Amino acid sequence: MSSADPNCIFCKIVAGQIPAKKVFEDDQLLAFHDIAPWAPVHVLVIPKQHIATLADVGPEHDALLGRMLGLAPQLMKQLGVTGGFRTVINTGPDGGQEVYHLHMHVMGGPRPWAKG
Ligand code: 5GP
Ligand code: ZN
């Protein structure tokens with residue numbers, strides 16, 4: 001397992017060094033509300049281990065990635081989203097990634113809020 005990056009804001013959230021509105025936590029994953037939501041419900045699902053981007057994963061991460069994706073419908077149900085939702089993983093500079101700790105955006109709630 002990769003160790004935490006002391007300069008990484010999401011590692012600090014995992015460590016409890018900065019606060020977040022958590023909606024799910026287990027030994028591998030953490031999910032919390034995005035600080036600047038693009039949608040009525042906008043959560044981020046992250047692995048607790050520091051993986052910078054989706055481009056850094058290998059076959060050893062298959063199960064972890066599967067769990068991240070599988071958590072999305074569970075969280076949306078938990079948060080009362082009934083009309084569907086959107087999942088996004090921005091990867092690298094051309095992918096618009098701003099925080100370099102792998103995270104999946106999960107966004108739901110009544111439209112319109114995000115075209116395209
Ligand atoms: P990216 O552009 O890297 O895919 O998305 C990063 C996301 O992290 C953004 O939507 C941004 O609002 C969110 N974010 C950045 N810093 C924090 C923080 O300290 N706390 C929370 N909850 N979200 C954050
Ligand atoms: Zn990190």
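A residue is near a molecule or strand if its C-beta atom, placed from the backbone, lies within 6 Å of it. Keep that in mind for the ligand stop below.

This is a predicted model, in which local features need pLDDT of at least 70 and side-chain atom pairs count only at pLDDT 80 or more, while totals for chains, interfaces and linings use all residues. Residues are numbered from 1 along each chain as its sequence is written, and chains are lettered from A and ligands numbered from 1 in the order in which they are written.

Start by colouring by pLDDT (the predictor's confidence in each residue, from 0 to 100): the chain averages 95, and 96% of the residues score at least 70. The complex has an ipTM of 0.99 and a pTM of 0.96.

Next, select ligand 1. Around it are 13 residues, the closest being Ile35, Ala36, Asn90, Glu98 and Val99.

Now move to strands β1 (residues 22–25) and β2 (residues 29–33), which are antiparallel and joined by 3 bridges. Strands here are DSSP runs (E, at least two residues), numbered from the N terminus, and two of them pair if DSSP finds at least two bridges between them. A hairpin of 3 residues links β1 to β2; show Glu25 and its bridge partner in β2, Leu30. On to β3 (residues 41–47), antiparallel to β2 with 5 bridges, where Leu44 stands opposite Phe32.

Finish at His103, in the loop between β4 (85–88) and β5 (104–108). Is His103 buried or exposed? It counts as buried because 26 C-beta neighbours lie inside 10 Å, the cut-off for buried being 20 or more other C-beta atoms within 10 Å, C-beta atoms being placed from the backbone.

Terms used:
Helix = DSSP H or I, 4+ residues; strand = E, 2+ residues; numbered from the N terminus. Buried ≥ 20, exposed ≤ 12 C-beta atoms within 10 Å, placed from the backbone.
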